[in-house]
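Biologist: I have the model open. Can we go through a few spots in it?

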Amino acid sequence: MNRTIRVSAAQFHVGNDVHKNLETCLRVIREAGKNKPDLLVLPEFANHCSWYDDAEHCYRVSVDFDGEFLRQIAAAVRDISAHVVINCTLRRAANRVTGTSIMMAPDGSILGTTNKQVLIGHENDFLDPATEAGPVIATPLGRLAMYSCMDGVINETPRCLALRGAEVLCNSLNSFALDEGSLHIPVRAAENKVWVVAANKVGPLIPEDLVAPVSAATSIPPHFLDGAGDSQIVAPDGSVLALAGKGEEIIFADIQPAVANDKSRPNGSDIFASRRPSFYSDLGENPAEQTIEIHAPSDVAAAAIATLDDFDAAIAAGAKLVCLAAGLDATQLRIPANVLVAAGTACGEQVQLLDSGGVLLTQESIHAADKAARIEVADTQYGRIAVLSGDDIAYPETVRLAALQSVSTVMVPAQLQEDWEGRTGVVERSAENRVNIVLASAAPGVRGSVIASLQKDFTIMAEWHERPFDGLLSAPVVFRAESDGELLAAEIHPAAASNKECSRNTHLLASRPWQILQAMLQTD
């Protein structure tokens, strides 16, 4: 049944006074209730800012399931008679703490909890990560599930929840990152064809009296120590239905959760039914036993072309890696020495990497034709390269597997099907894996060619040399063809793929929740 429900996300500031934070939560819940939401999502760490003197301090400012903090939250939930998701640090046995999302029913009872799976930076010093997957909760509204912040910067946690049948994903965030709102939040809706309701913070994310000294010590401008806002409600096609600004705000949208049960793509395939779980087995292996070694030059000129007429111009501009849009016949080209060309059939069933001597690798389609036995790679003077079809780029598992094979650049001869693939999909594949992507497509606008070039400076709180801190967590520099058939050229940075540590003790690949990916890997 396509029942319409009202969903809401609230963003606000959380400081280091637990009582004041409780008052803020109660006020915001009751304010949101004036618009009669069926579901309300609050930010991550609503009880206290994520900044602790030591483990004892973290435990002391955390809350208990049966404590006063959550009792008063439950009373407010009863007042507005809505499903509410609140995220807090929770006290556990033996003085341990977890970052936990809690879903309350309209009567204030707890329907389910989800512990954060992927911890970032100093969270690793104070919190325990999840040891089991969070629940998909059947409610009168639909099937709901929860995750938080860094869980959505990489794909596995929301992917597994969607595969287990979640229709609406509730994402609580504690993030300064500008690319959360522009990239990481909306792509999780589109790639899984589910609804996402995301609530972030605003104001300082650390105690206010520490903003100036921390800014001076880290060279991070003070405004980048604030929550980025940008809370949003995203539809299964990736369109943003409601978007908050940078101050305290409550947003709403009316949605139909059952729409998320349609996983069809324009070519008639099903984005879930066409997955190949047995192909993804490496994702469930222990990262400690997987070695990623990048041997590549710092800078390489790349080009994406939509017509063969632009090949000579790309070469004249100095391009060493040239990607052709799907269907262009590379046999018509005279490939110069030291130039590599990626080409693929119009149907996407086969792609190849060629040089002046002929074919270096042939990659059969992984999903469209279900032919490939593995991801093929080529070791070149420009680093290790994989070539994938435009269809395969829509599956987050694919580029993940290439990155595990020490690939620094992925070339994609493409005919993109949906707008989200060009707008956020290609960019996210680069961001969540720290690989460069050169994609050529003949379509204009957001379905056209894209080059995602890695930033050389990356790890948060580390010394940066190439640029000032700009508030991005993992997004690459993105170049787009803005008109039909435009030649797109840009410099990419293969060696930058060697650094995948976005913050201390948080590695984009090794920190994936590999032990609880059963939903992604099960073959029955």
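**Notes on a loop, a helix and the cores**

Modeller: G238 sits in the loop between β12 and β13 (240-243), with strands being DSSP runs of E of at least two residues and helices runs of H or I of at least four, numbered from the N terminus. This is a predicted model, where local features need pLDDT of at least 70 and side-chain atom pairs count only at pLDDT 80 or more, while totals for chains, interfaces and linings use all residues. Residues are numbered from 1 along each chain as its sequence is written, and side-chain values use heavy atoms, leaving out hydrogens and water.

Biologist: Is G238 buried or exposed?

Modeller: G238 counts as buried because its relative accessibility is 7% (buried is under 20% relative accessible area, exposed over 50%, partly exposed in between, with a 1.4 Å probe and protein chains only).

Biologist: What is G238 in contact with, leaving aside neighbours within four places in sequence?

Modeller: P186, A190 and R423, where contact means heavy atoms within 4.5 Å.

Biologist: Now α3. Which of its residues are buried?

Modeller: F69, L70, I73, A74, A76, V77 and I80. They cover an arc of only 160 degrees around the axis, so they are on the same side of α3; the arc is that of the directions from the helix axis to the C-beta atoms.

Biologist: And what do those buried residues pack against?

Modeller: They pack against α1 (18-33), β2 (39-41), β3 (83-91) and β4 (97-104).

Biologist: At what angle do α1 and α3 pack?

Modeller: About 10 degrees, with the axes 9 Å apart. Axes are lines fitted to C-alpha atoms, for helices over the stretch in contact, and angles run from 0 to 180 degrees between N-to-C directions. That angle makes α1 roughly parallel to α3 (under 35 degrees is roughly parallel, over 145 roughly antiparallel, 65 to 115 roughly perpendicular, the rest oblique).

Biologist: Which members of the largest nonpolar core touch the most others?

Modeller: Of its 96 residues, L39, L169, V196, I233, I255, V410 and I437 do. A nonpolar core is a set of buried Ala, Val, Leu, Ile, Met, Phe, Trp, Tyr and Cys residues joined through side-chain atoms within 4.5 Å. A second, separate core of 27 residues includes A10, I29, F69 and A74.
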